[in-house]
Amino acid sequence: MKTLITLLGKNASFFLPFLLWIVGGALLQAYFTHEELFLAINHAHAPWADVAMTGITYIGDGITFALMLACILAFRKYKLFLSAGTILLLVTLVVQVAKHYYNEPRPSLYFADTAVLVHTVKWVPVHGSCSFPSGHTTTAFAMFTFLTLICRNKLAGFAFLTLALLAAYSRIYLAQHFFVDVYTGSIIGTTSSLVVYSLFHQRRMKSSPEVAAEPIIGLT
């Protein structure tokens with residue numbers, strides 16, 4: 001518990017805004033329906049945003065996480081590689097089990113029998129099942145939480161969170177997920193990274209609490 005509190009305090013630029021996201025997201029879901037939240041985001045579209053969101057959504061792709069792993073390996077940070085690999089395996093397992101257990105319809109299928117027109121991007125294939133939770137959002141939050149924890153510049157956390165939220169937004173914009181899917185995915189991804197990282201590096205942090213374990217990113 002002490003290790004987790006230390007990590008949260010040292011990386012407040014990520015975790016404080018993330019807490020606001022959690023509270024704000026919960027309030028939105030309390031005051032608006034499943035359908036209203038999706039349609040409000042999905043219907044605010046433009047041609048330039050179609051292109052932008054198509055690229056941004058790949059932030060949460062497993063290949064992007066794999067590229068991060070390759071970079072860590074290139075730096076010969078083997079313990080970080082092992083912890084990041086464990087995070088990827090954990091979130092993949094949790095998401096896939098949840099997806100197939102709940103097997104919730106995605107927006108295109110959910111609204112198929114209604115008169116509601118769902119905005120889609122013609123060059124992006126739209127899926128119909130296994131909506132909950134969002135795998136891309138989970139992966140994005142897991143990756144950027146991990147990058148926040150290993151980055152020397154602790155102010156970079158806000159930028160990392162912004163990128164993760166953009167990935168989550170893109171999943172609703174592209175009609176792949178509902179708000180609750182990305183909201184839950186953000187919690188799974190962030191929690192998984194935080195817990196796994198603290199377990200792998202708690203000994204080093206206890207012996208040197210002011211130093212981040214094996215930082216490899218020197219953003220200034």
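This is a predicted model: local features need pLDDT of at least 70, side-chain atom pairs count only at pLDDT 80 or more; totals for chains, interfaces and linings use all residues.
Helix α2 covers residues 12-31. The helix has 20 residues. From first C-alpha to last, α2 reaches 28 Å. That is close to the 28 Å expected at 1.5 Å a residue. Its buried residues are Ser-13, Phe-14, Phe-15, Pro-17, Phe-18, Trp-21, Ile-22 and Gly-25. These residues cover an arc of only 165 degrees around the axis, so they fall on the same side of α2. The other side of the helix carries exposed residues. These are Leu-16, Leu-20, Ala-30 and Tyr-31.

Helix α2 packs against helix α9, which spans residues 157-173. The two axes are 7 Å apart, and the packing angle is about 40 degrees. Helix α2 is therefore oblique to α9. Their crossing is right-handed. On the α2 side, the residues in contact are Ser-13, Phe-14, Pro-17, Phe-18 and Trp-21. They meet Gly-157, Phe-158, Phe-160, Leu-161 and Leu-165 in α9. Phe-14 and Trp-21, which take part in this contact, are also among the buried residues of α2.

Helix α9 also packs with helix α8, residues 135-150. The 16 residues of α8 should span 22 Å at 1.5 Å a residue. The end C-alpha atoms of α8 are 23 Å apart, which agrees. Helix α8 is mostly covered, with 15 of its 16 residues buried. The axes of α8 and α9 come within 9 Å. They cross at roughly 175 degrees. Angles over 145 degrees count as roughly antiparallel, and α8 and α9 are therefore roughly antiparallel to each other. From α8, the contact involves His-136, Thr-137, Ala-140, Phe-141, Phe-144, Leu-147 and Thr-148. Their partners in α9 include Gly-157, Phe-160, Leu-161 and Leu-165. These four α9 residues also meet α2. Further α9 residues in the contact with α8 are Leu-163, Ala-164, Ala-167, Ala-168 and Arg-171.

A further partner of α9 is helix α3, which covers residues 34-42. The axes of α3 and α9 come within 8 Å and cross at roughly 100 degrees. That angle makes α3 roughly perpendicular to α9. Phe-38, Ile-41 and Asn-42 represent α3 in this contact. They meet Tyr-169, Ile-172 and Tyr-173 in α9.

Leu-39 also belongs to α3. Setting aside residues up to four places away in sequence, Leu-39 touches Phe-111 and Val-116. Leu-39 and Val-116 are 77 residues apart in sequence. Their C-alpha atoms are 8.9 Å apart in space.

His-201 is found in helix α10, which runs over residues 179-207. With a relative accessible area of 2%, His-201 is buried. His-201 and Thr-139 are 62 residues apart in sequence. Their C-alpha atoms are 21 Å apart in space.

Terms used
Residues are numbered from 1 along each chain as its sequence is written. Side-chain values use heavy atoms; hydrogens and water are left out. Helices (H or I, at least four residues) and strands (E, at least two) are DSSP runs, numbered from the N terminus. The expected span of a helix is 1.5 Å times one less than its number of residues. Buried means under 20% relative accessible area, exposed over 50%, partly exposed in between (1.4 Å probe, protein chains only). The arc is that of the directions from the helix axis to the C-beta atoms. Axes are lines fitted to C-alpha atoms, for helices over the stretch in contact, and angles run from 0 to 180 degrees between N-to-C directions. Angles under 35 degrees count as roughly parallel, over 145 as roughly antiparallel, 65 to 115 as roughly perpendicular and the rest as oblique. A crossing is left-handed if the near helix is turned anticlockwise from the far one by less than a right angle, and right-handed if clockwise. Contact means heavy atoms within 4.5 Å.
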